[in-house]
Structures are given as structure tokens and as C-alpha cells.
Amino acid sequence: MPRLKTLEDLKKLREDAQGELKVRLETGTKIVVGMGTCGIAAGARETMHAILAELEKREIEAHVTTVGCIGMCIREPLVDIEQAGKPRITYGNVKPDMVPRLIEEHLIKGNVVQEWVVGRLPTSP
Amino acid sequence: MRELSLHILDTLENSLEAGATRLELVIDEDSKHDLLRIRVSDNGRGMDTEMTRRVLDPFFTTRTTRHVGLGLPLFAAAAERCNGRLHIQSQPGVGTTVIAEFQHSHMDRSPLGDLPKTLMAVLLSERPVDLYYRHTVNGESFELDTAAIRRELGDVPISHPRIRSWLSEAIKEGLADIQESAT
């Protein structure tokens, strides 16, 4: 059964991951994608996948998570980007083809893509 | 929604909203009986009889951020279009089970679509959740239990970039294997 072999792989991965973990959690980037009915119907699953693919392609390590509906259904898919010490930015109507530019501008160059912003939260304490 | 895996994602997200910590997704594809059966079970807060009836009404939702809840009515409509139906069993404090049945070969049946993407969207939820998934195609099964994976991982989260890529690949390979063995 391939399953046992994969659990073996997992042990190795765990050891590799553990060492870097602390650093990443402290300085890392968090990306949150809305995954309510509204988000799913607007294509949020594909947007999330595009984000994962782009991060992998550019070898950027970020934590990507999903949440339910937050009430701004008309702007779905919604993507929040939070980086330590910076305001949390919410982008709206994020389609998969917008993801490369979003990652390039926001994560690599450090510029907020103003025309796609639908909300921002001040830096968390 | 064009793929059944999007309805499945939506149903699993309902479970998360209901506070579930353990989800089960069991898919059975049976050509001999021309049946596709999808079961989603959770240990969320559950619903009473009245609410169980009302969740199939598109103008009912538990949410306060908007006024309609289209998820389950859409899933039910998709099943009914294909000589199937959707049943909901729920008990307050215990959990909810949603079962959708389809005539497998029905021409209006949407494809299952991208299940690995659906599973990853659930597993990357902000709410910590375990998922048991079993997918059977004509007797060949693929099984995944993230509780076992979490035990193996200890304090490394499933959302860790390396872990999530590994997991996504493992699901893809597992599904490809059963499709291959079953045909």
C-alpha cells in the first residue's frame, strides 16, 4: 500500500519543517481566502489554488488559510494579505489571472495594489 | 456550480460553520447500479427537525451577514435533476449528515470535478478540523484520514507549505490510482 510509504515521507518532511517553523510563524505572511457559498460560486477555490501555485512557483513561503462568508459577498472572491507589522489588506473580486500580479506587487515589491483593495485593517498589536 | 466537488466544498464549509471538528466525506461510484452517492457527515452542533426542513428553503440561512442560503437548495436541485435526491439527517448536539444521490450516467450530472482542490480548501481552514475521506470507484477505494497525518506531524501545521504540497500530491495520486484500477 502506498499509504504507509507516504506516512514515512511525512516523518521526513516533519523534521525538515520543524526547524524553520518558528522563524516563519514570526515573520511570515498570512493569506486568507473567503470560502463561503458566495466565495465558492464566484470561483474562490480556483483563486486559492492559483495563489498556492504562484507561491510555489516563486518559492515564497506563506501560510494560506480559508474562512467562511464575512458578508461582502458581492466582492468575492475575497483575499486578505497580512504581513507582520503591516496593515491587513483585503482585495476583492480576485480572479486566478490576477494572482501573479498580486503576489508580485504585494509580496515581492511590497506595494499594495490600490485599485483592487476593498478594505484594510490597521496593524494588529 | 459546475462541479459536484464545489457543492461538496460548500457542504463541508457548512459543517465548519456549525462548529464541527471532524468531517467525513464518503463518495461511492458504482457503475453496476448506475449510482453516485456522496455523504458528508459532521460532529457539528446539529439542527432540530424544523431547521432541517428549512435549510432546503433558499430563503433560509443561519447567517446574519446575508439573507439567503443557497448552498443546500442548489445541491438538492443538482441531485433531483439526475433522478436522485438529497437527504439530511441531523440531531442537535450530535451532528449532521447530508447524502446526495445521483444516477451516475445521467446526462445532466455534473462531473465530480477537482476533489483534491476541494479537500485542500477545507484542510486549510482557519478552524482546526480533521477530515476522513473515502472514495470508492467500483470497489476500489482510496482512504485518507487527516487525524493520522496530524498525529504524525505533531506541532507542524497542515498549512505548512511543504506539508500542503505533499498532501495535495498524495490525494491526486490516490485518486488517479483508483480510477486506473477501476477501469
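**Figure 1. Strands β1 and β5 of chain B lie side by side in this predicted model.** One of the bridged residues is Arg22(B), whose partner in β5(B) is Asp130(B).

**Figure 2. The sheet of chain B is open and has 6 strands.** The strand order is β3-β4-β2-β1-β5-β6, and the pairing is mixed. Strands β3(B), residues 85-91, and β6(B), residues 140-145, each have a single partner strand, so one side of each is left without a neighbour in the sheet. On average, neighbouring strands of this sheet are turned by 10° against each other, direction ignored.

**Figure 3. Helix α1 of chain B packs on the sheet.** The helix covers residues 4-17 and touches β1, β2, β4 and β5 of chain B. Its direction makes about 20° with that of β2(B), residues 35-42.

**Figure 4. Chain A and chain B meet at an interface.** Here 42 residues of chain A are in contact with 38 residues of chain B. The two chains bury about 3,500 Å² between them, with 59% of it on carbon and sulfur atoms.

**Figure 5. Salt bridges and polar contacts cross the interface of chain A and chain B.** There are 4 salt bridges, among them that of Glu46(A) with Lys117(B). In this pair the closest N and O atoms are 2.6 Å apart. The interface also has 15 residue pairs in polar contact, both residues at pLDDT 80 or more.

**Figure 6. Helix α1 of chain A gives the most to the side that touches chain B.** Its share is 15 residues. Other elements that give two or more residues to this side include β1(A), α2(A), α3(A) and β2(A). The residues of this side divide into 20 nonpolar, 10 polar and 12 charged.

Note on methods
Residues numbered from 1 in each chain as written. Chains lettered and ligands numbered in written order. Predicted model: local features only at pLDDT ≥ 70, side-chain atom pairs only at ≥ 80, totals over all residues. Heavy atoms only, no water. Pairing = 2+ DSSP bridges. Helix = DSSP H or I, 4+ residues; strand = E, 2+ residues; numbered from the N terminus. Axes fitted to C-alpha atoms, helices over the stretch in contact; angles between N-to-C directions. Contact = heavy atoms within 4.5 Å. Buried area = accessible area lost by both parts, 1.4 Å probe. Salt bridge = Lys/Arg side-chain N within 4 Å of Asp/Glu carboxyl O. Polar contact = N/O pair within 3.5 Å; in protein donor to acceptor, adjacent residues only side chain to side chain. Nonpolar A, V, L, I, M, F, W, Y, C, P; charged D, E, K, R; others polar.
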